[in-house]
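Subject: Structure for you to look at

Hello,

Here is the structure I promised to pass on. Please open it first, then read my notes below.

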Amino acid sequence: MSNYARTIAGRKRSEAADLQLGFTLAFIAGAINAGGFLAVQQYTSHMTGIVSSVADNIVLGNQDLVLSGIGGLISFLLGASSSSIMVNYAKRHKMHSQYALPLLCESLLLLCFGFLGARLANYDALFVPLTVMLLCFIMGLQNAMITKLSHSVIRTTHITGIITDIGIELGKLFYWNASKTINLPKVLANRKHLKVLSLLASLFFLGGVIGACGFKYIGYLSTLPLALTLFAMGILPAIDDLLVFMRLRVRKKRR
């Protein structure tokens, strides 16, 4: 189990580990997005809708909603930037927790949301914009991490691009290659890529269903299993780095 945790979020990567992490994060992102909607009536995983809502509300004169949308957009941006800083810092210092640090950060923020959400929900004027900003930050944090890890192959917090790619591959799959010109290259679908994309979309949807049910029947504490899953994936690489740091300090003291 410990080796699996180090494989899925550690420094040494493999295609299988990238996919397993991507599938898990797609499920978690779907759950956060759907549960967050029930909390604040707003989806927070995709910036397309938020930017469009800002434009609409500018025209309609809804200044509060404009500020809320801009806050969500900036929070997503800061989350992505923070993830990039953590990953690049860990890479430069050859740390085991290159990708574990954003996971642990996301876990901590989800724990805060789960424990404090119910208490703050009564203060609607403050709770809604802060929750939107928090969830947008989490989504930016996660999406930037998996994007860097997979070299932009995997996205987990929104599925517009995934559905587009599925459509492209299906178009290739059903394309009729009959041609009198033998030298024309055949149009062939990447069946493996199509399977991965379909799994990502399905897990995002499944996470959304479970996240919505969890929030409906359990409330804010339904985020705790998600936070604990992220924590379990990220803690061992972080502990490995801590042990390395402690050994280095002991060696310096002996000198």
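Start with Lys172 and Glu169. Their side chains meet in a salt bridge, at 3.8 Å from N to O. Both residues sit in helix H7, which covers residues 160-173. They are three residues apart, about one turn of the helix. The two partners differ in cover. Glu169 is buried, because its relative accessibility is 6% and the cut-off for buried is under 20%. Lys172 is partly exposed, with a relative accessible area of 32%.

A word on the source: this is a predicted model. The mean pLDDT of the chain is 87. Of its residues, 95% reach 70 or more. Among the elements of the chain, H8 has the highest mean pLDDT, at 93. The lowest is 74, for helix H1 (residues 2-9). Where pLDDT is low, the predicted coordinates should not be read in detail.

Back to the charged pairs. How many salt bridges does a search of the whole structure find? It finds three. Side chains of opposite charge can pair when their charged atoms come close. Here are the other pairs.

Glu15 forms a salt bridge with Lys192. Their closest N and O atoms are 3.0 Å apart. Which parts does this pair tie together? Glu15 lies in helix H2 (residues 15-40), and Lys192 lies in helix H8 (residues 191-217), so the bridge ties together parts that are 177 residues apart in sequence. Lys192 counts as exposed, at 52% relative accessibility.

Asp18 forms a salt bridge with Arg13. The closest N and O atoms are 2.9 Å apart. Is Asp18 buried or exposed? Asp18 is buried, with a relative accessible area of 14%. Arg13 counts as partly exposed, at 24%.

Ile218 is found in the loop between H8 and helix H9 (224-254). Ile218 is exposed, because its relative accessible area is 59% and exposed means over 50%.

One is the Glu15 and Lys192 pair, which links helix H2 with helix H8.

Best wishes

Conventions:
Residues are numbered from 1 along each chain as its sequence is written. This is a predicted model: local features need pLDDT of at least 70, side-chain atom pairs count only at pLDDT 80 or more; totals for chains, interfaces and linings use all residues. Side-chain values use heavy atoms; hydrogens and water are left out. A salt bridge is a side-chain nitrogen of Lys or Arg within 4 Å of a carboxyl oxygen of Asp or Glu. Buried means under 20% relative accessible area, exposed over 50%, partly exposed in between (1.4 Å probe, protein chains only). Helices (H or I, at least four residues) and strands (E, at least two) are DSSP runs, numbered from the N terminus. pLDDT is the predictor's confidence in each residue, from 0 to 100.
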